[in-house]
Amino acid sequence: MGFGFQCVAALAVMGVAGCASVVSPDSCAARLSDIQVIGSHNSYKLAIPSEEMSLIEAQAPEWAVALDYGHLPLTEQLDLGMRQLELDVYYDPEGGLYADPLGPRLVGAEYDAPDLAQPGFKVLHVQDVDARSTCYLFTQCLSEIRAWSKAQPDHVPMLVLINAKQARIDLPNSTIPLAFDAAAFDALDAEIRSVFSDDEFLTPDHVRGDAATLRDAILGAGWPTLSETRGRIFFALDAPPAVIEIYRRGQRSLNGHAMFVNSIDPGDADAAYFTINSPIDSAAEISARVSEGFIVRTRADANTLEARRGDRSRLETALASGAQYISTDYYQPRTEWSDYAAKLPNGDSVRAHPLSTCEIE
């Protein structure tokens, strides 16, 4: 049996999926889908040292611009109000595949990451090029998130976005990542469950409950209420359709899986969550998905461009779109460039998104 998801009787009568733009705050029990928060992009990433950055600038200046950012440790980001994190994972069941990256080797730089010798998924941005992380082991990152969550049991549900990295890079002697097959995804789900117990994170099974499909649950009862899900984490795999198909492992509604998936079509049986990265190009699509009851993550900035220009137009469009999770590289400004920082208008860690009429307490 899943969560008890009823909002108010009026919603059932009207056949509406959630609270957004339907009922007054006094009669609406706010749901997970009613919130809006800021999160971070590539949350584990450390800045590339200057010697390695100079090498990148000489070979691929456009890469150097896009890669010129770094983040605080996850705990510090969460303390600052981030409620969405993103982790890039590489499959490394034997250990050691990413332990001697090319970039540091070429410039003679120190690279001290003994955890990379251990078996298990590794958290890095780009193998050989951008290979420094605040937590190299996936389970280390998860353990840090869990520790913070347990210490803050009333936090709004936190989205942890997962990217399964397997692309090659066009550099001689670069590391060739292992592909994500069904066994890899079995192992990835198992690592999540090795850190989080069933009552500490929200799964597709929880949300689907007794509905025939995950989509039916979202469009019918809706996402669970905030009161039911405070203190919880949920995971979403952000990947191309072919990779999503492998992750499904034949389960069209993600039965038994640890993660939601980036939906492409709102008609899919497992439609619940969407990554729509470009709010200016896709504002209408984002608002449509949010109004239907789905959860959307978008980006306030990308490739350092908004921070360099002090340009808030993408951020403002993202906020207005209703997207629940808005990702940034700049929760703090890069003051040598501009005062740009992505924050909610109320300055808090959460608010009701603009399409919702529910109140967030």
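Which strands each supply at least two residues of the lining of the largest pocket? I found β2 (84-90), β4 (158-164) and β9 (295-299), strands being DSSP runs of E of at least two residues and helices runs of H or I of at least four, numbered from the N terminus.

I noted that this is a predicted model, in which local features need pLDDT of at least 70, side-chain atom pairs count only at pLDDT 80 or more, and totals for chains, interfaces and linings use all residues. Residues are numbered from 1 along each chain as its sequence is written, and side-chain values use heavy atoms, with hydrogens and water left out.

For pockets I took a 1 Å grid over the protein atoms alone, a pocket being an open set of points where a 1.4 Å probe fits, with protein on both sides within 12 Å along at least five of seven lines, and lining residues having an atom within 4 Å of a point.

I read a volume of about 430 Å³ for the largest pocket, the volume being the space filled by probe spheres set on points joined across faces, edges and corners. Among its 22 lining residues, Glu-86, Asp-88, His-125, Asn-163 and Lys-165 are the closest to the centre. β2 gives the most to this lining, with three residues.

I then turned to the second largest pocket, of about 340 Å³, where Ile-56, Gln-59, Trp-63, Val-129 and Leu-171 lie nearest the centre out of 15 lining residues. Two or more residues come from each of α2 (50-59) and α5 (102-107), and α2 gives the most, with four.
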